[in-house]
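The following report describes a two-chain model in terms of its annotated spans, contacts and secondary structure. The sequence and coordinates are shown first.

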Amino acid sequence: MSLTLWNSRFSVTFVRQYATIFTSGSVATSILQNKFTNSSILSFHNNDKPRQRTLYTMQSNRQGKSQMTDTTDSANIGGIGAAAAAPQHPHCDRQTMYDHQPNRQQSSRGTYDYDLVVIGGGSAGLACAKEAVQNGARVACLDYVKPTPIGTKWGVGGTCVNVGCIPKKLMHQASLLGEAVHEAAAYGWNVDDKIKPDWSKLVSSVQNHIKSVNWVTRVDLRDKKVEYINGLGSFVDRHTMVAKLKSGDRTITAQTFVIAVGGRPRYPDIPGAVEYGITSDDLFSLDHEPGKTLVVGAGYIGLECAGFLKGLGYEPTVMVRSIVLRGFDQQMAELVASSMDERGIPFLRKTVPLSVTKQDNGKLLVKYKNTETGEEGEDTYDTVLWAVGRKGLVEDLNLSNAGVTTFKDKIQVDTKEATNVANIFAVGDIIYGKPELTPVAVLAGRLLARRLYGGSNQRMDYSDVATTVFTPLEYACVGLSEEDAVKQHGADGVEVFHGYYKPTEFFIPQKSVRYCYLKAVAERTGDQRVYGLHYLGPVAGEVIQGFAAALKSGLTINTLINTVGIHPTTAEEFTRLSITKRSGLDPTPASCCS
Amino acid sequence: MSLWKLLQVSSAIRSIARSASYLGKVKYDYDLVVLGGGSAGLACAKEAVDNGARVLCFDYVKPTPVGTKWGLGGTCVNVGCIPKKLMHQASLLGEAVHEAVAYGWNVNDQNIKPDWQKLVKSVQNHIKSVNWVTRVDLRDKKVEYVNSMGAFVDPHTIEYSVKGGPKQQATAEYVVVAVGGRPRYPPILGATEFGITSDDIFSYDREPGRTLVVGAGYVGLECACFLKGLGYDPTVMVRSIVLRGFDRQMSELLEAMMSERGVQFLHTTIPSSVERQGDGRLLVKYRNTTTEKEDSDVFDTVLWAIGRKGLIEDLNLPAAGVETKNDKIVVDSKEATNVPHIFAVGDIIHGRPELSPVAILSGRLLARRLFAGSKQLMDYADVATTVFTPLEYSCVGMSEEMAIQTHGPDNIEVFHGYYKPTEFFIPRKSVRHCYLKAVAEITGDQKILGLHYIGPVAGEVIQGFAAALKSGLTVKTLLNTVGIHPTTAEEFTRLSITKRSGRDPTPASCCS
């Protein structure tokens, strides 16, 4: 199995040992309990910490009871955590998990089955569950994937691993490698570059990788002693949940719940949408070539799918209702769209789909309408992919039983990720108004667990989160868009430095440099603090990550242009930014290399 | 060609007109003479003109022993970073063809071979276009350019001749020496007759074949690596250590990565002689300085990468009274030599990083100080750099050794980790040497002293962190920076294991 790839610490015997455990949930549970009993004994070898832990447990029990009468005072939760003050590395919270043996102890067993039940085994849920266990909590994690309309389902790990960033990046990489074969020929390699991808081979490679990640995730949960329950949970009351398992219903009680159920793609409300369309949930495991594909939606998911489909030789068309990459800098968004258009991806602007019907030849007839002209049109496709947005999975949780209020299909939380019910929290894509990104979910989940069980006070900082769009020419950014900077600081308070550039490697294969562009949005006065950085070009995410750390460190234009470049890279272009938009000078470079 | 001549003529006219208009007003023909048209010289010359100075720039390339020569622009453009990066890219693309197969492309990757001539021609065409753009740019920016070797007559006078013509002189208020360096040859039999250097490899008219690369600095390692990637069979001869001056642990990892890819290493070995055999191949005799064992092997090409020397010889520096150290020039923090109006920038100065962007920035800042009233000095600290081996190595700030030396072992915390790039799984590329570390202070917010990364696109990854380091990056900030998923750069935000803890830095899970 591809586990050998993992170069991992797990010995084969270890894997065999646990492979049997995974086959039976009840065995797993009993072993889990044994382990906890053992570790609770172990924890008494430490003199100070158990006492603190006991104190904390008593307090949290009391808190648990008082919550029965006071459900709105969610702010107290963090306060209790702080009062408990478990030992903490003074400089680095993450350090805690390595420097201190976690204290595990039987606590409040009589009251609740678990200290914490996490609903959802995705990025946020798993991070939170594992961190909670590391800090001594008894934790169960529920995960369940409802199949898509065409029957696609997957394993533990959530969107990112199964139907999100991981398969997307792999398909993107496959598409880039097709391009690389052509470039190799330009550089002198004797390859025949009349090439086609083998879709089923690609899908099976991608799925094998995902399955190995699922597997490692399961092993990791075992290792970290998180009880994993493959069931769909719904609330009975604020401390009780019923999980629908294969073997029947199971009632679970917990002191604290964390909702991390994430989201799933929406379908438009038109005839044929659900019957004939697919979403990103299906695409990465689709059992036939997608062929000519209509991608409906121009958010990052739609553009990324269209980008790799084009790179793999299929014929995608992107249907855009209003704007491309809503929420992103619109100059950059339009450049991304233009770069895709240059590669032969047509955009149907201001257009909405009306219906999808299946023709006798098996192809899909899509009728659509231009919302500006009112003109109707139609075309046939092999595949219709909905990328019209995602909805939070609040439906099956029966949140009203717990008293948790929702906002549309999401849950609103405060700065401590607390819902309106004091013992119920939410993290990840299910929370309202925050970036739906794996690393955000992971960090927020982990910090929440540390506040709940590690005595930490640190809150998640959702500002200046960098992100990247894996279109053929990638786009990455951190901080404010130009529009937002102007909105917040006024047009006169903002200076934008920008430039086109020419990656050295693009010359020999004569790749288009037309959309290789970057800009820094900054304060206009003083040292010119940088508000936002935007980059369109190769390996954008790799380029922007370090600058994200720089922004968090207070990067200024003065520092940026006095940072010595690494030559020849594309990232160094940031250090060479000298032309302001205000100057009206041409941002196209004349020379290179000096 | 005719356009070039036209440019030269119009340049001459302009020069006459200009000196006439200034006649009587100034003592010297030029405000500034720049010796050397490489990264430092050109940047300095252009910036000076932008700030109103009258500037003359000399550039001349002496052919190598095998007759290689090149145009305007200096080492980086002609025989350095640019052709090196292109050859590196060619080598990576060969690898990409194999990866494409793993990802399902129906490309035949059996026995793929590069066409060396085609590659060299493509690389040289690109260089010539850059030479051309550089010439146009100089014209555009009104820098006078003379394709000649300038030498001092006295502290303000430079003598030169154009294409064997009569000797001419030009006087200047300031002189900037930016002549750079060239590869050394070892003082052994056959070195210059039969060996080549990085000055020759990028325009070499035949396949290098089985190649002995002598020297394990970054130039040697990069050449060995792209040769390996292109299907040749390089051996690296190492006198003492690989990548002197870089972090030891990272250097050794890089060597292990190269060995894993089949690059041979001859350790503690020095060459004794090179002879041409009857079949045209080169017999190299060498000696292991540890075992004192002598040995020999036959190669198609011998590439010297044993270091570079500054080109002070032809400058007649004693006439100007400029002192030298070994083959370099010592300058102060304002890039001034011991003669106050004579400056030096770029690879010719002693004890500074020999990097194109350093040369450019210091040249530009010098011109601004001379002609624009600027006070800003070049900051040579925390300069990031990268080594373009197949898994690249990039770093900024201090090596672990340097940090320990300056701060003491008890005041340093090193965070480190191995990682697994997502894209490596499907083609089953080795992740054994994908590793990164952050060297930081142990107290307070743990200010970061150095960052080191081995993996794909290392330079692209480190550049932003270099800006972060200059902005005072701490471990606390680093770990609270949200990652971009899935990238390899995000691994920096996930560093959690300290060397001091003794914990295994190999990751068990991914993605959560």
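## Annotated spans and domains

The end C-alpha atoms of residues 30-363 of chain B are 18 Å apart, and the span is 33% helix and 25% strand; helices (H or I, at least four residues) and strands (E, at least two) are DSSP runs, numbered from the N terminus. This is a predicted model, in which local features need pLDDT of at least 70 and side-chain atom pairs count only at pLDDT 80 or more, while totals for chains, interfaces and linings use all residues. Residues are numbered from 1 along each chain as its sequence is written, and chains are lettered from A and ligands numbered from 1 in the order in which they are written.

An unreviewed UniProt entry lists residues 30-363 of chain B as "domain: FAD/NAD(P)-binding". UniProt positions are given in the numbering used here, feature names are shortened, and annotations may be inferred rather than shown by experiment. The spans that carry this feature name are tabulated below.

| Span | UniProt feature (unreviewed entry) | Distance between end C-alpha atoms | Helix and strand content |
|---|---|---|---|
| Chain A, residues 114-445 | domain: FAD/NAD(P)-binding | 18 Å | 33% helix, 25% strand |
| Chain B, residues 30-363 | domain: FAD/NAD(P)-binding | 18 Å | 33% helix, 25% strand |

Chain B is divided into domain 1 (2-68 + 119-183 + 309-371), domain 2 (191-306) and domain 3 (391-496), with bounds from an automatic or database domain assignment. Taken over C-alpha atoms, the centres of domain 2 and domain 3 of chain B are separated by 30 Å. Their contact takes 10 residues from domain 2 of chain B and 12 residues from domain 3 of chain B; two residues are in contact if their C-beta atoms, placed from the backbone, lie within 7 Å.

## Contact between the chains

Chain B contributes 99 residues to the contact, and chain A contributes 94 residues. Among the elements of chain B that each supply at least two residues to this side are helix H2 (39-50), helix H5 (116-141) and helix H13 (458-470). The largest share, 12 residues, comes from H4(B).

## Sheet and helix in chain B

In chain B, 5 strands form an open sheet in the order E8-E15-E9-E10-E11, with parallel pairing; two strands pair if DSSP finds at least two bridges between them. Strand E8 (196-197) and strand E11 (264-266) of chain B stand at the edges with a single partner strand each, so one side of each is left without a neighbour in the sheet. E8(B) pairs with strand E15 (residues 301-304) of chain B over 2 bridges in the parallel sense, and B:Thr197 stands opposite B:Trp304 in E15(B).

The axes of helix H8 (residues 165-186) and helix H12 (residues 300-311) of chain A come within 8 Å and cross at roughly 35°. Axes are lines fitted to C-alpha atoms, for helices over the stretch in contact, and angles run from 0 to 180 degrees between N-to-C directions. Residues making this contact include A:Lys168 and A:Met171 of H8(A) and A:Glu304 and A:Phe308 of H12(A).

Strand E12 (residues 351-358) and strand E13 (residues 364-370) of chain A pair in the antiparallel sense over 7 bridges. A:Ser355 has A:Lys367 in E13(A) as its bridge partner. E12(A) and E13(A) form a hairpin with 5 residues between them, and A:Gly362 in the turn has a positive phi of about 90°.

For "binding site" (unreviewed entry), UniProt lists A:Lys169, A:Gly233 and A:Asp429. These positions span 261 residues in sequence and their farthest two C-alpha atoms are 30.8 Å apart, so they do not all gather at one spot. A:Lys169 is found in helix H8 of chain A.
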